[in-house]
Structures are given as C-alpha cells and as structure tokens.
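I opened this entry to record what I looked up, and in what order.

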Amino acid sequence: AVREDRLRGLHVEGLSHKVVESMADVDLLLVAGQSARATGLTRLNEFSSRSHAVVLVVVEQASGLSRPARVGKLNLVDLAGSERLSNSGESSGIRLEESKQINKSLSALGNVVAALSERATGRSRVHIPYRDSKLTRLLEDSLGGKCKTTMIALVSPAASAFSESLSTLKFATRAKTVRNSPTVNVGDAVTQDALHRSLEAQLAALHAE
C-alpha cells in the first residue's frame with residue numbers, strides 16, 4: 001500500500017530501503033530489481049513486461065550538522081506498455097489479468113495527465129485523480145508537484161500498433177502542457193530521515209548495553 005507521512009513523504013509500505021554510497025551501489029540495486037521484474041511470453045513480445053518498475057533514489061547533501069541539508073528525490077520509472085488483447089493473443093488466464101491491470105493503471109495515468117493539462121490552461125478547480133491508482137499516487141510529486149520531470153514516449157512503426165502509437169502520441173502531447181514548479185528542498189541542520197536513522201542507531205546502542 002502507498003502511505004504518506006511527515007518524515008518519509010509518499011512511500012510504499014513494506015519495501016526495503018538500501019543505503020548506497022556510489023553509483024556502483026545504485027547499479028547493483030538496479031540489476032537486482034530488473035532481475036526480479038515480472039516478464040512473460042506473449043504473441044507480440046518474448047519478454048513482455050508484466051509490471052511497471054519504479055526506483056526511488058533519495059540523495060542527501062550536507063556539510064556537517066551546522067549547515068542546512070539539501071534533499072533530492074529521483075524517481076526512475078519504466079512503464080509496461082499497453083497491449084491490445086486481440087493483438088497479444090491473451091484471451092484468458094494470468095496474462096489476461098496482467099494486461100487488464102497494466103491497461104487500468106496506464107488509463108489512470110492518462111486521466112491524471114489530462115486533468116493536469118486542463119489545470120495548466122487556467123482551470124484551477126480541476127480535480128486531479130492521483131488516488132485512482134497506486135502508480136499515480138506514488139508519482140504525485142513527479143507528475144504535478146515540485147519536481148523536474150522528463151518523459152520518454154515509445155511508439156512502434158508497425159501498422160498493427162497504429163492505434164496504440166496514436167494514443168501514446170496524444171498522451172505525450174498532453175503531458176507537454178503540464179507545468180511543474182521545481183523547488184530546492186532545504187531542511188534544518190539535518191534531514192528528518194537522517195535524524196531518524198541517528199535515533200535508531202542510538203536506540204540500538206542502548207539495547208546492546
């Protein structure tokens with residue numbers, strides 16, 4: 001489940017958190033995550049992605065405890081592609097259910113981008129349906145918050161994928177109209193996460209005594 005609290009902001013309950021100190025550490029985690037990603041054989045793709053992949057990287061920058069800390073959050077997202085069931089050949093079983101869930105979350109993402117696009121035209125009271133899916137809820141800051149966002153849309157040259165490619169291009173056109181307001185996150189002397197870890201370490205030391 002996607003939760004939100006004052007210390008960690010939006011996060012997925014139950015996921016592990018890894019401390020990294022270099023890009024090599026990040027690469028190892030990306031490889032491990034990719035190996036655990038669900039893929040499957042369909043008529044269109046031998047290794048079709050059957051799930052979205054989201055990697056959240058939190059970067060903290062501080063020069064001692066006496067100076068403000070800067071905190072950055074990087075969301076790396078690889079979305080599973082939308083597949084027309086008549087083309088993929090999945091008419092029953094687990095692949096059919098996976099396709100339904102993928103298309104449902106992509107539809108929710110499209111609705112959020114469409115609403116944000118309307119808001120960008122001056123309609124300030126437009127409801128943004130972030131809570132319609134876990135994906136859009138988790139990426140709320142990236143989609144319409146205070147982050148810089150880069151989106152890459154992939155289309156197919158195949159005539160059989162014309163409708164999917166056209167839908168993707170329409171989605172990308174709407175996404176280009178969305179305007180975020182990037183801001184620098186400067187905390188107090190230390191970030192809340194760093195303070196939390198420090199307190200946990202002190203508590204563990206007391207238990208060890």
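I note here that the model is a predicted one, and the distance is computed from it.

Threonine 136 lies in helix 4, which covers residues 134-138. Is threonine 136 buried or exposed? Its relative accessibility is 0%, so it counts as buried; the cut-off for buried is under 20%.

Next I listed the contacts of threonine 136, leaving out neighbours within four places in sequence. They are Ala108, Leu109, Val112, Pro129, Tyr130 and Leu143.

With residues up to four places away in sequence not counted, valine 112 touches Ile128, Pro129, Tyr130, Thr136 and Leu143.

**The nonpolar core**

I asked which residues of the largest nonpolar core touch the most other members. The core has 14 residues, and the ones in question are Leu109, Val112, Val113, Leu116, Ile128, Tyr130 and Leu143. Helix 3 (93-120) and helix 6 (162-176) are the elements that give two or more residues to this core. Helix 3 gives the most, with 5 residues.

I compared this with the earlier list.

**A patch on the surface**

I turned to the outside. Leu30, Leu74 and Leu76 form a nonpolar surface patch, with about 230 Å² of accessible area together. I took leucine 76 as the example. Leucine 76 is placed in strand 6, residues 70-78. Its relative accessibility is 35%, so leucine 76 counts as partly exposed; that class lies between the 20% and 50% cut-offs.

**Whole chain**

The protein has 7 helices and 6 strands. From the N terminus the order of elements is β-β-α-β-β-β-β-α-α-α-α-α-α.

How many of the 209 residues count as buried? The share is 23%. The protein exposes about 14,600 Å², and carbon and sulfur atoms supply 55% of that area.

Last, I checked sequence separation. Among contacts with a separation of 6 or more, 59% are between residues 24 or more positions apart.

Conventions
Residues are numbered from 1 along each chain as its sequence is written. This is a predicted model: local features need pLDDT of at least 70, side-chain atom pairs count only at pLDDT 80 or more; totals for chains, interfaces and linings use all residues. Side-chain values use heavy atoms; hydrogens and water are left out. Patches are made of residues with over 30% relative accessible area and no salt bridge: like charges are joined within 9 Å, nonpolar side chains (Val, Leu, Ile, Met, Phe, Trp, Tyr) within 5 Å. Accessible areas come from the Shrake-Rupley method with a 1.4 Å probe; for residues, only the protein chains shown count as cover. A salt bridge is a side-chain nitrogen of Lys or Arg within 4 Å of a carboxyl oxygen of Asp or Glu. Helices (H or I, at least four residues) and strands (E, at least two) are DSSP runs, numbered from the N terminus. Buried means under 20% relative accessible area, exposed over 50%, partly exposed in between (1.4 Å probe, protein chains only). Contact means heavy atoms within 4.5 Å. A nonpolar core is a set of buried Ala, Val, Leu, Ile, Met, Phe, Trp, Tyr and Cys residues joined through side-chain atoms within 4.5 Å.
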